[in-house]
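Thanks for coming. Please have the view open.

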Amino acid sequence: MTMKKKIAITSLASISPLGKNPEAIWHNYLSNKTLISTEEFNGSNQFVARIPSEIRNEIDDLRKSDIKYKALDETVLLSILVSRQAIKNAGWKTGDDFGINIGSSRGATQLFEKHHKEFLETGKTSTLASPTTTLGNISSWVAHDLKNNGPEITHSITCSTALHAILNAVAWLQSGMATQFLVGGSEAPLTAFTIAQMNALKIYSKEEDTAYPCKSFDLNKTKNTMVLGEGTSAACLELGEHQNALAYIEGIGYATDDIEHNISISDEANCFQKSMKMALQNTKLEAVDAIVMHMPGTKKGDSSEYKAICKLFGENHPMLTTNKWKVGHTFGTSGMLNLELAILMMQHNQFIGVPFAEKQVLRKNIKKVLINAVGFGGNAVSILLCKEF
């Protein structure tokens, strides 16, 4: 689906294992080292990707800065920090007229588990357990902090949540009901219970090669290697052409797979074939320079998305990459981190590949990048970015 009106991405901010400053993030992308490490959960060592400790200090400072923030979940605090930076980068001010749509796959994971544990142990729970664990409190607290004049929306559509926020904002902007929208995702899933759930699905990495615990885009792997990461990202979308635009949204696509199992995806990812076709409706296939794939590091997930790309583009497909081998799978935030990588590659005109993947023929210029995300339920989203509209 092509845009009837130009939609510019005028700002993007993130907090992830890559850091939070654009220079540090790009520097980390230039390195072939993963940011995944091991940590003990419930007596067992597990692979995870944490945000840097100095950023965690900022989260603690924010929590202490306002008595109302003391009881908030980390997903909310992360969103407040990154949203402040995003609107600052865009030149927006507190109190401006803009919408907010920040989602999460798991929601207030840490706080919910804490309150549930207290209930199991004592039979009681704290007064603020309910309001601080509702999914809607992410965007509502960001709205409270930024004092925006506009709609505030929080949603969960599993791992494609952040890209669905972009779809929703595009609808508001194209309809004329808004001229500016803050979109994003936030996820803090590194808890013993969440990792136990992934292990129960038999998709979590037990990789012996600790240099690359997540083998995302290794199409020859014989076992699942998904690893969880934490992070948040927010972007400012605006109608029209802007001198400071990081990129423009040229096309959007979405589809739902006809799944056979709760966590499955069709063998050739029919949902991705449909979503990519929709996003590329009026774009020649050869014009797409790169695709930032979803590729979670699972056997079925990786192979099905690759088959979908080959089915649509043929053998001469664009340059392919993913970032989950480096930062892990950040669930609802992952699509926004894909968008960030796409913008960085366009800005630097440099392709960031996967070090252990097969070598690809590099293109001279990176002007159009397609971004994919999909989650449990087969709800795929594809967004086409361009350097110039």
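A search of the whole structure, which is a predicted model, turns up 14 salt bridges. I will go through three of them.

Start with Glu230 and Arg56, whose side chains meet at 2.5 Å, N to O. The pair links distant parts of the chain: Glu230 sits in the loop between β7 and β8, Arg56 in helix α2, and they are 174 residues apart. Glu230 is buried, at 0% relative accessibility, whereas Arg56 is partly exposed at 22%.

Next is Lys311 with Glu268, where the closest N and O atoms are 3.5 Å apart. Lys311 belongs to helix α9 and Glu268 to the loop between β9 and α8, so this pair ties together parts 43 residues apart in sequence. Lys311 is exposed, with a relative accessible area of 52%; Glu268 is partly exposed at 29%.

Asp289 counts as buried at 11%, and Arg363 as partly exposed at 27%. Shared partners also join Glu39, Arg50, Arg56, Glu74 and Glu230 into one network of salt bridges.

Now back to helix α2. Which of its residues are buried? They are Ile55, Ile59 and Leu62. Down the axis of α2 they fall within an arc of 60°, so they line one face of the helix. Their cover includes β1 and α3. The face turned away carries the exposed residues Ser53, Glu54, Asp61 and Lys64.

Conventions:
Residues numbered from 1 in each chain as written. Predicted model: local features only at pLDDT ≥ 70, side-chain atom pairs only at ≥ 80, totals over all residues. Heavy atoms only, no water. Buried < 20%, exposed > 50% of the residue type's maximum accessible area, 1.4 Å probe, protein only. Helix = DSSP H or I, 4+ residues; strand = E, 2+ residues; numbered from the N terminus. Arc of directions from axis to C-beta. Contact = heavy atoms within 4.5 Å. Salt bridge = Lys/Arg side-chain N within 4 Å of Asp/Glu carboxyl O.
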